[in-house]
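Here is a short tour to read with the model open beside you. Take a look at the fold, then follow along.

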Amino acid sequence: MKFAGKVAVVTGGSRDIGRAVCVKLASEGASVVVNYNTNQADADATVAAIEAAGGKGVAAKADVTKPADVDALIAASRDAFGDTIDILVNNAGGLVARKTLEEMDEEFFNFVMQLNTTSTFLACKAAVPFMSKGASIVNLASLAGRDGGGGGAIAYATSKGAVMTMTRGLAKELGPKGIRVNALCPGMIATTFHDNFTPDAVRENVANSTPLRRQGRAEETADAVAYLASDEASFITGVNLDINGGLAYS
């Protein structure tokens, strides 16, 4: 129970990687705030999974691209579990749509940046005043942030590259306070993200090009989040950790 007595806030925690992270942290003893924006049913299902694993969880609605909503999310955590936040996982985000440079307008580009990068900034800014020595932030970046992503992913890849750089900067700034900041860069993980945006033939081709010859699982990503958030990684900060089955190396 490496997180016994600790409080975790997970943005975008209602499904896929976010849900797996919430359940993993709770199974190790954390009390978990499951953030969602539109789908309360999925968030409630995540809370039910947390409770089934013997943990404590609450669902909290917030659009993490909006400062007031993020402040309310942190307030919900404090109301439920006390003033201290020990773990922040910035998982909320998405590709939204595949659009080429020609197809994109400024509004679309800015929205993707807000969804993936601004949300991370806002959550960190709101949570850090309630974090102390030994606390940890784990951001979800992407392999796309390293290699530019697949077709039509310019905005998404740019936003995730910014998350990677923000992770390094935050690690330097918050390190003297004893707060560690790391990020994960997932490759092809079997989630609804790829169900919605990646054709089956492309997924199969990527899996066959991966040394482990498969896609990753959300639970494997959650295991990596839990490691980075734990005291087992107490001397690791500013790292953008690849989790892609050997598909690419940093």
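## The H4 and H6 pair

H4 and H6 cross in a right-handed manner, meaning that the near helix is turned clockwise from the far one by less than a right angle. Helix H4 (residues 106-127) and helix H6 (residues 154-174) pack at about 20°, with 8 Å between their axes. That makes H4 roughly parallel to H6 (angles under 35 degrees count as such). Residues in the contact (heavy atoms within 4.5 Å) include Phe-108, Phe-109 and Val-112 of H4, and Tyr-156, Val-163 and Met-166 of H6.

This is a predicted model, where local features need pLDDT of at least 70, side-chain atom pairs count only at pLDDT 80 or more, and totals for chains, interfaces and linings use all residues. Residues are numbered from 1 along each chain as its sequence is written, and side-chain values use heavy atoms, leaving out hydrogens and water.

## The sheet

Seven strands make an open, parallel sheet, ordered E3-E2-E1-E4-E5-E6-E7. At its edges are strand E3 (56-61) and E7, each pairing on one side only; pairing takes at least two DSSP bridges between two strands. From one strand to the next, the twist averages 20°. Four bridges join E4 and E5 in the parallel sense, and Asn-90 has Asn-139 of E5 as its bridge partner.

## Helix H9 on the sheet

H9 lies across E4, E5, E6 and E7, at about 165° to E6. Its buried residues (under 20% relative accessible area, with a 1.4 Å probe and protein chains only) include Thr-221, Val-225 and Leu-228. Partners for the buried residues of H9 include helix H1 (16-27) and strand E6 (180-186).

Notes. Buried < 20%, exposed > 50% of the residue type's maximum accessible area, 1.4 Å probe, protein only. Helix = DSSP H or I, 4+ residues; strand = E, 2+ residues; numbered from the N terminus. Axes fitted to C-alpha atoms, helices over the stretch in contact; angles between N-to-C directions. Parallel < 35°, antiparallel > 145°, perpendicular 65-115°, else oblique.
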